[in-house]
Amino acid sequence: IKYHVNLVKSNKQKQKSQLLLSIHDNIGMESLEILLTDFILPDYSRKSVTMGNIGDMGNGLFLLYKDADLVTVKTRLTSEPQRVFELKIIPIRKDGLVKDLNLECKELSQKETKPNFLGTEINILFQETEKKSLPRRLYIQNSYQREIFFSTAEA
């Protein structure tokens, strides 16, 4: 798994910026069902005691929406390698808490996808923050994402 963080300047206010975390693996997901269930259903897990693994809190990747403005997931299916899907997720908040997700899922045409694209690419655009607090925010986000993705990747 490769990941990197970029600074995105805000168009709204000069004193604010956003962090963009990009994560890419070279494997992909087995099916569209996995993409849709694992990324949008809270308290859902494929883990089981019989498989030798259990979830810590049962929320898995759903936690990544807490600080995100936008999450995009693009994956080439391992079961049907000619098919590539993109899922756009916008968290909907009420009183600062994520209450729902606005979803858009589409199959990408060959023209919309690089022929050598393999695996899964996740992009997380975090909420705006004051530029002066970016180093602290970057440290927190790095720790937070490591906890979510690397604890999930072990499953």
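Q: Contact means heavy atoms within 4.5 Å; in this predicted model, which elements do the buried residues of α1 pack against?
A: The helix α1 spans residues 32-40, and its buried residues are Ile 34, Leu 35, Thr 37, Phe 39 and Ile 40. An α-helix has 3.6 residues a turn, so residues three or four places apart point the same way. The elements against which the buried residues of α1 pack are β3, β4, β5 (97-108) and β6.

Q: Which element gives the most residues to the largest nonpolar core?
A: This core has 21 residues, and Phe 39, Tyr 65, Val 71, Val 73, Ile 89 and Ile 124 are those with the most contacts inside it. Two or more residues come from each of β2 (16-25), α1, β3 (68-76), β4 (84-94) and β6 (120-126). With four residues, the element that gives the most is α1.

Q: Does Asn 6 count as buried, exposed or partly exposed?
A: Asn 6 is found in strand β1, residues 2-9, and, leaving aside neighbours within four places in sequence, is in contact with Gln 18, Leu 19 and Leu 20. Buried requires under 20% relative accessible area and exposed requires over 50%. Because the relative accessibility of Asn 6 is 34%, this residue counts as partly exposed.

Q: What distance separates the C-alpha atoms of Asn 6 and Gln 18?
A: Gln 18 is one of the residues in contact with Asn 6. Although the two are 12 residues apart along the chain, their C-alpha atoms are separated by 8.5 Å.

Q: Over the ring of which residue does the charged end of Lys 74 sit?
A: A search of the whole structure for aromatic pairs finds zero. The charged end of Lys 74, however, sits 4.5 Å from the centre of a ring, and that ring belongs to Phe 117.

How values were computed:
Residues numbered from 1 in each chain as written. Predicted model: local features only at pLDDT ≥ 70, side-chain atom pairs only at ≥ 80, totals over all residues. Heavy atoms only, no water. Core = buried A, V, L, I, M, F, W, Y, C linked by side-chain atoms within 4.5 Å. Buried < 20%, exposed > 50% of the residue type's maximum accessible area, 1.4 Å probe, protein only. Contact = heavy atoms within 4.5 Å. Phe/Tyr/Trp six-rings, centres within 6.5 Å; stacked < 30°, edge-to-face > 60°. Lys NZ or Arg CZ within 6 Å of the ring centre and 35° of its normal.
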